[in-house]
Amino acid sequence: MKHPRFTAWLCSAAALVLLAVPAFAQQPDALPPEQAAPAAQEQTAEAAAPDAEAPTAEAPAPDPQRTYVALGDSIVSGVGLPDFKYTAAAIGIDAAPNFEGYPEQCYVSLVGKGLGLDRQHAINLGLPGLTTGDLADMLHTGAMPQMNQQAGTYYVYPQMLDYLKRADVISVQIGSNDALVPALVALGNATNWKSEQLVATMVSGVLREPSFENLQRLNSDLSRLRLTKEEKQATTQLLLGGGTDAICEQAYQEAAVHMPQVVAELRALNPDAQIILLGYTNPVPLLPEWTQLFRRLNALGKSLAAQNENVTYVPIPFAMTAADAHPTVSGHKYIANRILRAIKK
């Protein structure tokens, strides 16, 4: 990789908000028909939901002996929220401090509180930049067999297997990076990495709150791109000429292979735990190919749950996201309550 510092920002895996620029693209439903709702209604539905602020009465009674483990990527880990904990590593980051030290506002914390669990019984194994293939590999030994060159990540956590073996409930939220990571790299290649600073700004979290200063910062990064004719052509080909179609198709094929492996490996590690497969929200709703990808990923999760005993599919169609495509505080509350409702008493 010519620009390893760029891939370090993939811990946020969210910069494809940039790809939503062509506003003339039609926006199909982002979820399977039974879950679809107009975008304007999604915010209203979440805001009006009685469980938006705290776990509902439907949540299981507190049980300090129960253990909940959350698997997935940066959405799970709480990237974008205050107090996301990590340390620098030789490759990428070390997220181990976040396993039990995760942000108070992330959904893992809220599910733990809803179940009456302490931090030793509500574990956050969200790993920024992780793909479905990475997770499937890690469930064998707790380690990625090699560095993910595109994402710039390399995780080795054999302790994750111990967490999973003693879990009563395991939630899985993974798959967005299968498309986002190669798309970010493709964007960098198309612009000869002039997009690096722009992407860094967008995924760093500084734009999560709208303000005049943040708008100025974004405009400044945009003005510095100064793409050549060839770079503009390559970027247009990526965004509008079929480049993202190919990326989305490949991402789905990867997930279709690895998600069944993830479920099978989890069941081999823990025959009795309830496995919750969380659905997907679309961070790029203005591009039809991305909408189709996330619709297919939701259908895949639903199908896997139907085919496997004690596996529950939980759609999250109204999860609010910020400008960096990670859930807002309200979005984390919404996801937490969807999980709590799905956990068997």
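How are helix 6 and helix 12 oriented relative to each other, roughly parallel or roughly antiparallel? In this predicted model, helix 6 (residues 132–141) packs against helix 12 at an angle of about 25°, and their axes lie 8 Å apart. Angles under 35 degrees count as roughly parallel, and the two helices are therefore roughly parallel to each other. Their crossing is left-handed.

The residues that form this contact can be named on both sides. Helix 6 contributes T132, G133, L135, A136, L139 and H140, which meet E254, A255, H258, M259, Q261, V262, E265, L266 and L269 of helix 12. By class, the contact of helix 6 with helix 12 comprises eight nonpolar, five polar and two charged residues.

Helix 12 (residues 243–269) also packs with helix 8 (residues 177–190); the axes of this pair come within 8 Å and cross at roughly 145°. The crossing of helix 8 and helix 12 is right-handed. On the helix 8 side, D178, A179, P182, A183 and A186 take part, and they meet I247, A251, E254 and A255 in helix 12. This contact of helix 8 with helix 12 has seven nonpolar and two charged residues, and no polar ones.

Leaving out residues up to four places away in sequence, L300 touches Y252, A255, A256 and M259. L300 counts as buried because its relative accessibility is 13%, and buried means under 20%. The C-alpha atom of L300 is separated by 9.3 Å from that of G279, a residue 21 positions away along the chain.

The nonpolar interior can be considered next. In soluble globular proteins, nonpolar side chains tend to be buried together. The largest nonpolar core here holds 56 residues, of which L71, M160 and V172 touch the most other members. Helix 12 gives the most to this core, with 10 residues. A second, separate core has 26 residues, including V76, L81, L115 and I316.

Apart from neighbours within four places in sequence, L71 is in contact with V76, L125, L135, L139, M160, L164, I170, S171, V172, Q173 and L266.

How values were computed
Residues are numbered from 1 along each chain as its sequence is written. This is a predicted model: local features need pLDDT of at least 70, side-chain atom pairs count only at pLDDT 80 or more; totals for chains, interfaces and linings use all residues. Side-chain values use heavy atoms; hydrogens and water are left out. Axes are lines fitted to C-alpha atoms, for helices over the stretch in contact, and angles run from 0 to 180 degrees between N-to-C directions. Helices (H or I, at least four residues) and strands (E, at least two) are DSSP runs, numbered from the N terminus. A crossing is left-handed if the near helix is turned anticlockwise from the far one by less than a right angle, and right-handed if clockwise. Contact means heavy atoms within 4.5 Å. Ala, Val, Leu, Ile, Met, Phe, Trp, Tyr, Cys and Pro count as nonpolar, Asp, Glu, Lys and Arg as charged, and the others, Gly among them, as polar. A nonpolar core is a set of buried Ala, Val, Leu, Ile, Met, Phe, Trp, Tyr and Cys residues joined through side-chain atoms within 4.5 Å. Buried means under 20% relative accessible area, exposed over 50%, partly exposed in between (1.4 Å probe, protein chains only). Angles under 35 degrees count as roughly parallel, over 145 as roughly antiparallel, 65 to 115 as roughly perpendicular and the rest as oblique.
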